[in-house]
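Open the structure in your viewer and keep the selection panel handy.

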Amino acid sequence: MTHTASSPDLEGFVRPGKGAGLVDVFNRRYLLSLLVRKEVQVRYRGSALGWLWSYVKPVTQFLVFFIALGVFLQLNNSIPNYPIYLFSGLVVINLFSEAFSNGTKSLVDNAPLIKKIYLPRELFPVSSTLVALVNFIPQVIVLGAVCLLVGWTPSAVQLVGVLLGIVILVVLATGLSMLFGSINVSFRDAQNFVELIVLVATWASPVLYRWTMVAEILPDWLMVLYQINPLTAAVELLHAGFWYPTTDGSAPLPPHLLTFGVIALVISLAMLAFGQFIFRKLERRFAQDL
Amino acid sequence: MPKTSDRPPDAVPRAAVIASNLSKRFLLRHTHSLKESVIAAFRRRPLSTTFDALNDVSFEICEGESVALLGFNGSGKSTLLKLISGVLQPDGGEVLTRGRVAGLIEVGAGFHPDLSGRENIYLNAAILGMTQKEIDARYDEIVEFSEIGQFIDTEVKHYSSGMFLRLAFSVAIHTEVDILLVDEILSVGDEPFQRKCLEKIRQLHVEGKTLVVVSHDLQMVADLCERAILINKGTVVFDGESHDAVARLRAQ
């Protein structure tokens, strides 16, 4: 601050390009809403099926897993209402992987903008997460409709659990995309690494199989680690909200589910804070490295 | 951010932009993968070299002033403009700005070809920092200025390049700002439109906005701005009356 002596009246001055991070994203929510709307509008532009593609993909994925695991490996016989079990886990993984992988690429994809105009760069990973959430809603509606057909009577606590699960996913995916997205600016290895994480995520949480199968094999301390994974908590919370109320309760949910849910939320919030911290460290180099 | 140019003019002009001892260094990497880095390290070749784009640049620009940044290609003008807009961060020294800053820097950066002209106006005005209310109020003016008229609901990808630039420029020039950064305005559209743009920029200046202009059209810049800062290889070599600055640049 060498100039303070020559011009003492610095009231109202700001350092350009030094924002307040995620707080700025909230302050510019009108722009955020336009960015999300743009992404939603242009995603399937020029394709004949349009938004039907966002149904075709999860349905195909579901059929593949259902036939391979449910029919051939006969999980259909050991897990009641296996189709609902499978689908309520898959929607979680779809939301997470779409938000995470698009969020990681969002800064590179918006390079022309980042290089020319200053705006809070956190807008891009956050809008990727919101777009994934928009994509997630029709899947949940389909899931809810199927559950209703087989007699779904969830309790209020179970529905709150579903909300908690979604919040965990959104917070976790935003934090991770800020972390990997900002590294991806200089090292495109990050986006390949994220593809790997997403691949593992499908299998590292009880989406396709039941938690009891894991508990039988893993020692207790590893099982705790498995349950501390925020994705495991989110998947089980959605199982508890959608699948469990459609069964007769003979296949139990994992114990202390709400506790693990709260732990998962805390871990996700810590991840968000860490992602924001690294993002701000690396942000000053975005415009020159892209 | 509150606008500052709505306030009654003070008796003493206040600074709008303060640059003190600014320097910006770029790292030029010579290797692009781990394998190349290892080989270069074995052969004892430098992995990277640095390039000083700006070196110890200081100046103050007062509210309502119009200042040209002059210099040949690669002198650091655009880097300076990007430091003022916040796109780049300085490696030494600091920039301070007061009031809203918006740039007419390579207009059309935020345009999406699959959106209509109308949707692009809203998206880009919001990118440039306007609120929904401000855009609603300015919308008709923006469309009229761009001379797009009936094509406003057509997707921008079907526009001719002239129409595209006119619309992009029109959005940028109608942004609510206090400090307007202008990079190469005269690459926009045909001559009548260029004249109209220049007229609009002059009008903004009369209204008390601060202008920082970069252009290679020396005559235009000298007439538009009162003051010019001449930059050569990242350092300020002259700061004064704009016609004098142009004469010095031509003599270089």
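The expected span of a helix is 1.5 Å times one less than its number of residues. Keep that in mind for the first stop, and remember throughout that this is a predicted model.

**Stop 1: a helix in chain B**

Select helix 5 of chain B, residues 161-173. From its first C-alpha to its last, this 13-residue helix reaches 18 Å, close to the 18 Å expected at 1.5 Å a residue. Now colour its buried residues: B:Phe164, B:Arg166, B:Leu167, B:Ala168, B:Phe169, B:Ser170, B:Val171, B:Ala172 and B:Ile173.

Next, pick B:Glu147, in the loop between helix 4 (132-146) and helix 5 of chain B. Most residues other than glycine have a negative phi. B:Glu147 is not a glycine, yet its phi is positive, at about 60°. B:Glu147 counts as partly exposed because 16 other C-beta atoms lie within 10 Å, a number between the limits of 12 or fewer for exposed and 20 or more for buried.

**Stop 2: chain A as a whole**

Along the principal axes, the C-alpha atoms of chain A fill a box of roughly 80 × 50 × 35 Å. Of the 290 residues in chain A, 43% are buried. If you draw the contacts in chain A between residues at least 6 apart in sequence, 85% of them join residues at least 24 apart.

**Stop 3: one loop, two residues**

Go to the loop between helix 12 (230-243) and helix 13 (257-283) of chain A, and select A:Thr246. Is A:Thr246 buried or exposed? A:Thr246 is buried, because 20 other C-beta atoms lie within 10 Å. Leaving aside residues up to four places away in sequence, A:Thr246 touches A:Asn81, A:Ile84, A:Cys147, A:Val150, A:Gly151 and A:Trp152.

Staying in the loop between helix 12 and helix 13 of chain A, select A:His256. A:His256 is exposed, because 11 other C-beta atoms lie within 10 Å. A:His256 also has a positive phi, about 55°, although it is not a glycine.

**Stop 4: the largest nonpolar core**

Bring chain B back into view. The largest nonpolar core has 144 residues, and A:Leu169, A:Ala234 and B:Val212 touch the most other members. Helix 8 of chain A, residues 156-186, gives the largest share of this core, with 15 residues.

Centre on B:Val212 and show what it touches beyond four places in sequence: B:Ile61, B:Val67, B:Leu69, B:Leu81, B:Ile84, B:Ile179, B:Leu181 and B:Val182.

**Stop 5: where the chains meet**

How many residues of chain A are in contact with chain B? There are 28, and they contact 34 residues of chain B. On the chain A side, strand 1 (13-14), helix 2 (29-43), helix 6 (111-116) and helix 14 (286-289) each give two or more residues. Helix 2 of chain A has the largest share, 6 residues. Coloured by type, the chain A side shows 14 nonpolar, 7 polar and 7 charged residues.

Finish on the strands. Strand 1 of chain A and strand 4 of chain B (residues 92-98) run antiparallel, joined by 2 bridges. Select A:Val14 to find B:Thr97 of strand 4 standing opposite.

Methods: Residues are numbered from 1 along each chain as its sequence is written. Chains are lettered from A and ligands numbered from 1 in the order in which they are written. This is a predicted model: local features need pLDDT of at least 70, side-chain atom pairs count only at pLDDT 80 or more; totals for chains, interfaces and linings use all residues. Two residues are in contact if their C-beta atoms, placed from the backbone, lie within 7 Å. Helices (H or I, at least four residues) and strands (E, at least two) are DSSP runs, numbered from the N terminus. Ala, Val, Leu, Ile, Met, Phe, Trp, Tyr, Cys and Pro count as nonpolar, Asp, Glu, Lys and Arg as charged, and the others, Gly among them, as polar. Two strands pair if DSSP finds at least two bridges between them. A nonpolar core is a set of buried Ala, Val, Leu, Ile, Met, Phe, Trp, Tyr and Cys residues joined through C-beta atoms within 7 Å.
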